[in-house]
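Here is a short briefing on one chain. Look over the sequence and the model first, then read the points below.

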Amino acid sequence: ARMEVELDKTSYSRESRAFNPEHQAAVDRLRLEQSQQLEQGEYYGSHQTKMDREAAETRMQSDRFDREKQRQAKERIRLDKGWVAERDRFEREWDVRRATLGRKSRERLRVLAEVQLFARDAHEALQSKRGKGMHYRMSKGLLEYSLTERSLALGERYDEAITVKKRADVMRTRWGHFFYF
């Protein structure tokens with residue numbers, strides 16, 4: 001079951017960049033007052049009103065900047081919460097997948113071990129059947145060693161016969177598996 005997280009949706013709206021109605025009303029009022037003063041010829045008052053209007057616009061811009069920073073901070077908190085929730089969901093999902101994969105792998109290994117056991121038994125049975133029909137055939141070198149050993153032993157040259165026998169035994173152990181067919 002998929003768990004939905006109740007989070008505020010990320011806002012892509014930049015409404016906070018729009019003019020604040022209170023500040024905008026103050027700027028509009030000062031602009032109207034300045035134009036009235038210009039029409040009446042009050043240039044010094046008009047200049048002062050212009051300075052007040054510029055200060056109000058600066059305050060409005062500063063306020064917009066502060067509100068945007070607050071909005072971005074809130075947005076960052078929401079994104080962090082969303083990231084944590086998504087990471088937790090992802091880790092839970094992969095824990096389930098990992099457990100499932102481990103269970104399937106263990107089952108597969110158990111089945112393969114059984115298959116290997118049956119295959120080994122079948123192979124050993126085949127080899128035992130095949131081994132009965134096989135016989136040992138000596139190579140030319142081994143035959144020569146065997147004949148030399150026998151003739152030396154019959155000639156009572158036992159030390160030389162022992163040396164030849166050792167060489168023949170080494171050849172049997174090293175190359176013995178090649179002599180079966």
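The model is predicted.

**Helix H1**

- H1 has 20 residues.
- From first C-alpha to last, H1 reaches 28 Å, close to the 28 Å expected at 1.5 Å a residue.
- Gly41 follows H1. The phi of Gly41 is positive, near 85°.

**Gln34, on the buried side**

- Gln34 belongs to helix H1, which covers residues 21-40.
- Gln34 counts as buried because its relative accessibility is 12%, and the cut-off for buried is under 20%.
- Leaving out residues up to four places away in sequence, Gln34 touches Ser46, Thr49, Lys50 and Arg53.
- With one of these, Arg53, the contact includes a polar one: the side chains of Gln34 and Arg53 are joined at 3.3 Å.

**Asp169, in helix H4**

- Asp169 is found in H4, which runs over residues 158-175.
- Is Asp169 buried, exposed or partly exposed? Its relative accessible area is 30%, so Asp169 is partly exposed; that class lies between the 20% and 50% cut-offs.
- The side chain of Asp169 makes a polar contact of 3.1 Å with the side chain of Arg172.
- Ser146 is 23 residues from Asp169 along the chain. The C-alpha atoms of the two are separated by 9.9 Å.

**The chain as a whole**

- The secondary structure comes to four helices and zero strands.
- Along the sequence, the pattern reads α-α-α-α.
- The chain has 181 residues, and 14% of them count as buried.
- Among contacts in the chain with a separation of 6 or more, 69% are between residues 24 or more positions apart.
- The accessible surface of the chain is about 15200 Å². Carbon and sulfur atoms account for 56% of that surface.

Notes. Residues numbered from 1 in each chain as written. Predicted model: local features only at pLDDT ≥ 70, side-chain atom pairs only at ≥ 80, totals over all residues. Heavy atoms only, no water. Helix = DSSP H or I, 4+ residues; strand = E, 2+ residues; numbered from the N terminus. Buried < 20%, exposed > 50% of the residue type's maximum accessible area, 1.4 Å probe, protein only. Polar contact = N/O pair within 3.5 Å; in protein donor to acceptor, adjacent residues only side chain to side chain. Contact = heavy atoms within 4.5 Å. Expected span 1.5 Å × (residues − 1). Areas by Shrake-Rupley, 256 points an atom, 1.4 Å probe, with all protein chains shown as cover.
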